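Subject: Structure handover and notes

Dear colleague,

Please read the notes with the model open beside them.

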Amino acid sequence: MMTAAQLAERIVREGVAPMAAAGWARGAAPADRAGPLPRADVGGSTDVLFDLASVTKPMMAVALARAHIDPSRPLGAWIPEARGTASECVSLELLLSHRAGLDAHRTLWAPLLRGEPVDGAAALREAADARRTDARGDPPAGGFPPLYSDLGYLLAGVALAREVGAQDAGEAIARLVLEPLGIADRAGTVRDLAARGVRGPFAPTETVAWRGGPIVGAVHDENAWALTGLGGSGHAGIFGTVDAVLTFGLAVLDGIRTGELEWLVRERPGGTLRAGFDGKSPEGSSAGTRMGPRTVGHLGFTGTSLWIDPDAGVVVSLLTNRVNPTREHLAIRAARPWAHDALFEAAVGSQR
């Protein structure tokens, strides 16, 4: 049986990523728990803050749930810039479940390549109007066929921030999720971590010429960088250590078991995408083969992951900087299933 430290060392040794941290935790946690993880093992670069990339999305969704925002309300209720666009009347729930009919991505950051600032209001309008050609008119009750889209989360993050009076989604996530869990000194935006006196160490990500070379201590995602800088957007911008990610996962596990987060993780037609989370695919899942069918979680483009099996009571996480020095390095795809299996097996074996 492989320990978390051995697994992280193997990830680095086999060239999957230059840095890695891994871990598992067992058992539900009270929603406002702080302190050491119960029945857990972490290893590798455990003190390093990794760019969590899209693992920000479940944190944003949980923050929205904790803010008690009605997910059936339309986007235009919060964002005047979205009024008159294709997404004005689309509900937050459809945005969160990737069923709002939006394109997967838009290069909202393109003006930066020309040395020009990004017009935030114009960027929000473009994101809200980025309707796919196969998704015309008002969405049906269950939404359009699902297509994974950062744009929906970018918009939902703005709605959340405006609802709670935060400067951006990153601050809202800190206030509603990270601070109550006692992990705001181990997870957060670069800006909010610095305000707490935490200035690293950060795992370097990609080497990008137009951003000055290796990206360290700044979000890798270009749209998040363009719109929220050292803060955080709804789709990216949170950094964290592996124990902080596991603590968040335990809170989600508790929320699933109590029903608080049921509307986020419930199955929806057309695919495995939930609201804030993805489900485990029946075949070929990056979650591996050992976790159960009700498993939910999320991947991050930078090489991060979080999976939660509510039936086994197990949370696993693998954090890497696989995009360093280039996003074209794709060995993480083959590594994730066996790594998640090994972490799950170690967690289950700890009970024997």
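The second largest pocket has a volume of about 230 Å³, where a pocket is an open set of points on a 1 Å grid over the protein atoms alone, with protein on both sides within 12 Å along at least five of seven lines, and lining residues have an atom within 4 Å of a point. Grid points are joined across faces, edges and corners, and a volume is the space filled by probe spheres set on the points. Of the 16 residues that line this second largest pocket, Leu124, Val158, Asp168, Leu227 and Thr228 lie nearest its centre. Helix H4 (120-128), helix H5 (150-164) and helix H8 (222-228) are the elements that give two or more residues to its lining, and H5 gives the most, with 5 residues. Helices (H or I, at least four residues) and strands (E, at least two) are DSSP runs, numbered from the N terminus. By class, the lining of the second largest pocket has 7 nonpolar, 7 polar and 2 charged residues, with Ala, Val, Leu, Ile, Met, Phe, Trp, Tyr, Cys and Pro counted as nonpolar, Asp, Glu, Lys and Arg as charged, and the others, Gly among them, as polar.

Please keep in mind that this is a predicted model, in which local features need pLDDT of at least 70 and side-chain atom pairs count only at pLDDT 80 or more, while totals for chains, interfaces and linings use all residues. Residues are numbered from 1 along each chain as its sequence is written, and side-chain values use heavy atoms, with hydrogens and water left out.

The largest pocket holds about 700 Å³ of space, and of the 32 residues that line it, Ser54, Tyr148, Gly300, Phe301 and Arg322 are the closest to its centre. Strand E9 (residues 296-300) and helix H11 (332-349) each supply at least two residues of that lining, which divides into 12 nonpolar, 10 polar and 10 charged residues.

There are also 2 cavities of 30 Å³ or more, a cavity being a set of grid points where a 1.4 Å probe fits but cannot get out. The largest cavity has a volume of about 60 Å³, and among its 11 lining residues Val62, Arg66, Ala251, Val252 and Leu261 are the closest to its centre. Helix H2 (56-66) and helix H9 (242-258) give two or more residues each to this lining, and H9 gives the most, with 4 residues. The second largest cavity holds about 40 Å³ of space, and the residues that line it include Leu94, His98, Arg132 and Ser149.

Turning to the strands, E9 and strand E10 (residues 304-309) pair in the antiparallel sense over 5 bridges, two strands being paired if DSSP finds at least two bridges between them. In this pairing, Leu306 in E10 is the bridge partner of His298. On its other pairing, E10 is joined to E11 by 6 bridges, again antiparallel, and Leu306 stands opposite Ser317 in E11. The hairpin of E9 and E10 has 3 residues between the strands, and Gly303 there takes a positive phi near 110 degrees. In E10, 6 of its 6 residues are buried, where buried means under 20% relative accessible area, exposed over 50%, and partly exposed in between (1.4 Å probe, protein chains only). Thr304, Leu306 and Ile308 point one way from E10, while Ser305, Trp307 and Asp309 point the other way.

Thr320 is found in strand E11 (residues 314-320) and is buried, with a relative accessible area of 1%. A polar atom of the Thr320 side chain lies 2.8 Å from the backbone oxygen of Gly303, and the backbone nitrogen of Arg322 lies 3.3 Å from a polar atom of that side chain. Leaving aside neighbours within four places in sequence, Thr320 is in contact (heavy atoms within 4.5 Å) with residues including Ile11, Met19, Phe50 and Ile332.

Phe202, in the loop between helix H7 (190-195) and strand E5 (207-208), also counts as buried, at 13% relative accessibility. Phe202 and Asp51 are 151 residues apart in sequence, and 7.8 Å apart in space, C-alpha to C-alpha.

With best wishes

How values were computed. Polar contact = N/O pair within 3.5 Å; in protein donor to acceptor, adjacent residues only side chain to side chain.
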